[in-house]
Amino acid sequence: MSMAAGAGKGLRRVILGTTTLWLMAFTLLPVLIVVAVSLSEPRLGQPPFTPLFTQGEGLWPTFNGSIASYLTVVSDSLYIAAFVSSLRIAAGSAFITLLIAYPMAYAIARASDRARLGLLMLVILPFWTSFLIRTYAWTGLLNTNGLINNTLIKLGVISEPLTLLHTEFAVHLGIVYSYLPFMVLPIYAVLERMDWSLIEAAQDLGARPLKTFFRVTLPLSLPGVFAGWLLVFIPALGEFIIPDLLGGPDTLMLGRVLWTEFFNNRDWPVASALAVLLLLIVLLSALLLVKALRRREVAS
């Protein structure tokens, strides 16, 4: 027994150690590299930033870091507008996704076992296609001579093509379509485990369906709602492909600004500073939602 217990502890240590090394190598180390680049100065050359440490005459290397890139980001109206626009578009898209995903998750959770499997397959099915191809397909649908405009003209709904592509509406549409499964699945996972007898008890006590939903179903499903919100809001905040293909020149988002600074302007320190601030916003958003969820659990 003692040998088996010792072998089990050794195996757990190996698994935990491997996982820790993996996270440090592919998560923590890249973040530290981006932070180091953000504290450097831009230059013409390869790499396009100055070394963070230089070896002087003494024993210890000289630290050449600077927060100039961060000061540029927080003082330039372009970057501030990109942050505000990204937060607004990501939050708005996540909210629209929630309004669409919740009824879908509720219907799947209340469906029969046979129908539930088919409905889940329909939700997961878009993942089998390339994200880039699915996004690019919307350009053909939303174009002035695309399927949507041609159909509306033939039906007599409109007389001239609508400007759907290269608009903020197209960006919202692309984000909602692409990340809808990320909102449906967490909510469904919570609803599927919920005790439905609580709904029947509330109705037996005289609660109407709408009141039962807001007093029983919605509070019990909030963990799934919070998880789905994070899974949609976080990637939408730094989205690049959807704004680039579907958004117009006035659609300003951090993903496009980061790409421009990295590859067009070659200003890696400023781009890294933007990435670090974006990471801080994401972490702050996640912490606030987790804290709100814990407060609700304590209060209940």
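In which loop is Arg266 found? Arg266 sits in the loop between helix H11 (254-264) and helix H12 (268-299), where helices (H or I, at least four residues) and strands (E, at least two) are DSSP runs numbered from the N terminus. The model is predicted, so local features need pLDDT of at least 70 and side-chain atom pairs count only at pLDDT 80 or more, while totals for chains, interfaces and linings use all residues. Residues are numbered from 1 along each chain as its sequence is written, and side-chain values use heavy atoms, with hydrogens and water left out.

The protein chain has 12 helices and two strands. Read from the N terminus, its elements follow the order α-β-β-α-α-α-α-α-α-α-α-α-α-α. The C-alpha trace spans about 80 × 80 × 35 Å along its principal axes.

Of the 300 residues, 35% count as buried. Buried means under 20% relative accessible area, exposed means over 50%, and partly exposed lies in between (1.4 Å probe, protein chains only). The protein chain exposes about 18,200 Å², and carbon and sulfur atoms supply 70% of that area; accessible areas come from the Shrake-Rupley method with a 1.4 Å probe, and for residues only the protein chains shown count as cover. Among contacts in the protein chain with a separation of 6 or more, 69% join residues 24 or more positions apart, a contact being heavy atoms within 4.5 Å.

Aromatic rings come next. A search of the whole structure finds 15 aromatic pairs. Rings of Phe, Tyr and Trp (its six-membered ring) pair if their centres lie within 6.5 Å; planes under 30 degrees apart count as stacked, over 60 as edge-to-face and the rest as tilted. The pair of Trp22 and Phe26 is tilted, because the ring centres are 4.5 Å apart and the planes stand at 45 degrees. Both residues lie in helix H1 (residues 2-38), four residues apart, about one turn of the helix. Trp22 is exposed at 55% relative accessibility, and Phe26 is exposed with a relative accessible area of 55%. The rings of Phe213 and Phe214 have centres 5.2 Å apart and planes at 80 degrees, so this pair is edge-to-face. Phe213 is partly exposed at 25%, and Phe214 is partly exposed at 49%. Ring pairs also link Phe49, Phe240, Trp259, Phe262, Phe263 and Trp268 into a cluster.

Val216 lies in helix H9 (residues 209-237). Is Val216 buried or exposed? Val216 counts as buried, because its relative accessibility is 17%. Apart from neighbours within four places in sequence, Val216 is in contact with Leu198, Ile199 and Ala202. Val216 and Ala202 are 14 residues apart in sequence, and their C-alpha atoms are 8.0 Å apart in space.

Two loop residues have a backbone feature to note. His166 lies in the loop between helix H6 (147-154) and helix H7 (168-192). His166 has a positive phi of about 60 degrees although it is not a glycine, and counts as partly exposed at 47% relative accessibility. Arg266 also has a positive phi of about 60 degrees without being a glycine. Arg266 is partly exposed, with a relative accessible area of 34%.
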